[in-house]
Amino acid sequence: MKLICTILMFIFLQNLQVNAEEYKVTRIDSEGLMPSNLVYKIYQDSKGFIWFGTMYGLYRYDGVNYFSYRYNPFDSSSIGNDDVISIYEDSKGFLWFGTYLGGVSRYDSKTSTFTRFINSDNPNSI
């Protein structure tokens, strides 16, 4: 019985080692590019972009550059609020961003614009 357990443990550890080699971790330097290290959500979309939802805006990383998306009260195609707390991608490739007190915003990558969805009963809620 001990021999069987030893063999099974050896096989398990071999598989674990192979799976661990599939992942490569790389540090992304964002110093000076994002105004805060307070990141609520990190999401990699189907195109490979990495999105960061922060207290001070939404940021997209393409592997080289950062792009910021900030709330602009005078631009209805901007994100609903800078305080981005959730990120989701639907089956059609639209990205959805939940914001604190700014509702939900859908990003259209073809036009680089946002559509805001706010609870009409309470415009300050999500």
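The legends below describe close-up views of a predicted model. Local features were required to have pLDDT of at least 70 and side-chain atom pairs pLDDT 80 or more, while totals for chains, interfaces and linings use all residues. Residues are numbered from 1 along each chain as its sequence is written, and side-chain values use heavy atoms, with hydrogens and water left out.

**View A. An open antiparallel sheet is built from four strands in the order E5-E6-E7-E8.** Strands are DSSP runs (E, at least two residues) numbered from the N terminus, and two of them pair if DSSP finds at least two bridges between them. Strand E5 (84-89) and strand E8 (113-117) stand at the edges with a single partner strand each, so one side of each is left without a neighbour in the sheet.

**View B. Strand E7 (residues 104-108) pairs with E8 in the antiparallel sense over five bridges.** Within this pairing, Arg-106 stands opposite Thr-115 in E8.

**View C. Ring pairs link Trp-51, Tyr-69, Phe-97, Tyr-107 and Phe-114 into a cluster.** Rings of Phe, Tyr and Trp (its six-membered ring) pair if their centres lie within 6.5 Å, and planes under 30 degrees apart count as stacked, over 60 as edge-to-face and the rest as tilted. By this rule the count comes to 10 aromatic pairs; among them is the tilted pair of Tyr-107 and Phe-114, at 5.0 Å centre to centre with 50° between the planes. Both Tyr-107 and Phe-114 are buried, where buried means under 20% relative accessible area, exposed over 50%, and partly exposed in between (1.4 Å probe, protein chains only).

**View D. Tyr-100 lies in the loop between strand E6 (95-99) and E7.** Tyr-100 is partly exposed, with a relative accessible area of 46%.
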